[in-house]
Amino acid sequence: GRSVRRRWKGVWGTALRSTWGLVPAWLAGRHSTRGGRPAEGGVQAAVIDSLFVSDTTRLVVVGDSTVREATSVVDSDYALAIRGLAPLPLGLQSDFETKRDMPERVDRLPTRVPMQRFTSADRDGMNAHQGPTGYWNAFFHHYPGSSGYIEVSRVGFGRDARSALVHVEYRCGGLCGGTLYVMLAEFAGQWRVVRVIQPRVS
């Protein structure tokens, strides 16, 4: 768990340093929307590639449905994240909130390494093993080369269609996991992480 978190800290710093000077343009909403909304899968994949894929990662395990947003814990985390991410690009918060209660199936995402969907049947199979240690031993035996499993939310887009917000839940062991809210911006056709808020970690 600690090695995964160390990598994320380094990635977040690199992402912020490389894009912070460009942030004011998309905060101001200067870019017009052309050709409709970007594909949510491309944004979700960019989050996973940036924060969960290292040189030793051979597989990413992703929940088969987007994160469901209807719990008091999630609402508290979300309120904290929104305060931490402010100011937000125009339209970003409203689009994200419109989609919060509209979960979708997650199919193949264009991640840099192969992706495996983690279904309710897979969870039941892991839960058949005794306790958290048995669960995670079985998990990493079944998914070697992964760092745990990841759940992503629907993607909220700003009015400019070049800013995005994603909620991520990740689990990497019995006492390893947490919640992230990730803001991205699109530069030269590529989605880049520009800010991360982590309201919950274990």
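**Reading the pocket, a helix pair and a buried valine**

Modeller: About 240 Å³ of space lies in the largest pocket of this predicted model.

Biologist: How is such a space found, and which residues are the closest to the centre of the largest pocket?

Modeller: The general idea is that rolling a probe the size of a water molecule over the atoms shows where empty space is left. In this case 19 residues line the largest pocket, and V67, V74, E151, E169 and R171 are the closest to its centre.

Biologist: Which helix and which strands each supply at least two residues of that lining, and how many of the lining residues are nonpolar, polar or charged?

Modeller: At least two lining residues come from each of helix 4 (72-85), strand 5 (163-173), strand 6 (176-187) and strand 7 (190-201). Sorted by class, the lining of the largest pocket holds eight charged, seven polar and four nonpolar residues.

Biologist: Where do these elements belong in the protein as a whole, and how many helices and strands does the protein have?

Modeller: The protein has seven helices and seven strands, and along the sequence they follow the pattern α-α-α-β-α-α-β-α-α-β-β-β-β-β. Of the 202 residues, 50% are buried, and among contacts with a separation of 6 or more, 67% join residues 24 or more positions apart.

Biologist: How should I read the packing of two helices, and at what angle do helix 6 and helix 7 pack?

Modeller: In general, two packed helices are described by the angle between their axes and the distance between the axes. Here helix 6 (residues 120-127) and helix 7 (residues 131-142) pack at an angle of about 125°, and their axes are 8 Å apart. Angles from 65 to 115 degrees count as roughly perpendicular and those over 145 as roughly antiparallel, and helix 6 and helix 7 are therefore oblique to each other. Helix 6 makes this contact through R123, M126 and N127, while helix 7 contributes Y135, A138, F139 and H142. By class, the contact of helix 6 with helix 7 has four nonpolar, two polar and one charged residues.

Biologist: Which residues is V182 in contact with, leaving aside its neighbours within four places in sequence?

Modeller: With those neighbours within four places in sequence left aside, V182 is in contact with V47, L51, A164, L165, V166, V168, V193, R195 and V196.

Terms used:
Residues are numbered from 1 along each chain as its sequence is written. This is a predicted model: local features need pLDDT of at least 70, side-chain atom pairs count only at pLDDT 80 or more; totals for chains, interfaces and linings use all residues. Side-chain values use heavy atoms; hydrogens and water are left out. Axes are lines fitted to C-alpha atoms, for helices over the stretch in contact, and angles run from 0 to 180 degrees between N-to-C directions. Helices (H or I, at least four residues) and strands (E, at least two) are DSSP runs, numbered from the N terminus. Angles under 35 degrees count as roughly parallel, over 145 as roughly antiparallel, 65 to 115 as roughly perpendicular and the rest as oblique. Contact means heavy atoms within 4.5 Å. Ala, Val, Leu, Ile, Met, Phe, Trp, Tyr, Cys and Pro count as nonpolar, Asp, Glu, Lys and Arg as charged, and the others, Gly among them, as polar. On a 1 Å grid over the protein atoms alone, a cavity is a set of points where a 1.4 Å probe fits but cannot get out, and a pocket is an open set with protein on both sides within 12 Å along at least five of seven lines; lining residues have an atom within 4 Å of a point. Grid points are joined across faces, edges and corners, and a volume is the space filled by probe spheres set on the points. Buried means under 20% relative accessible area, exposed over 50%, partly exposed in between (1.4 Å probe, protein chains only).
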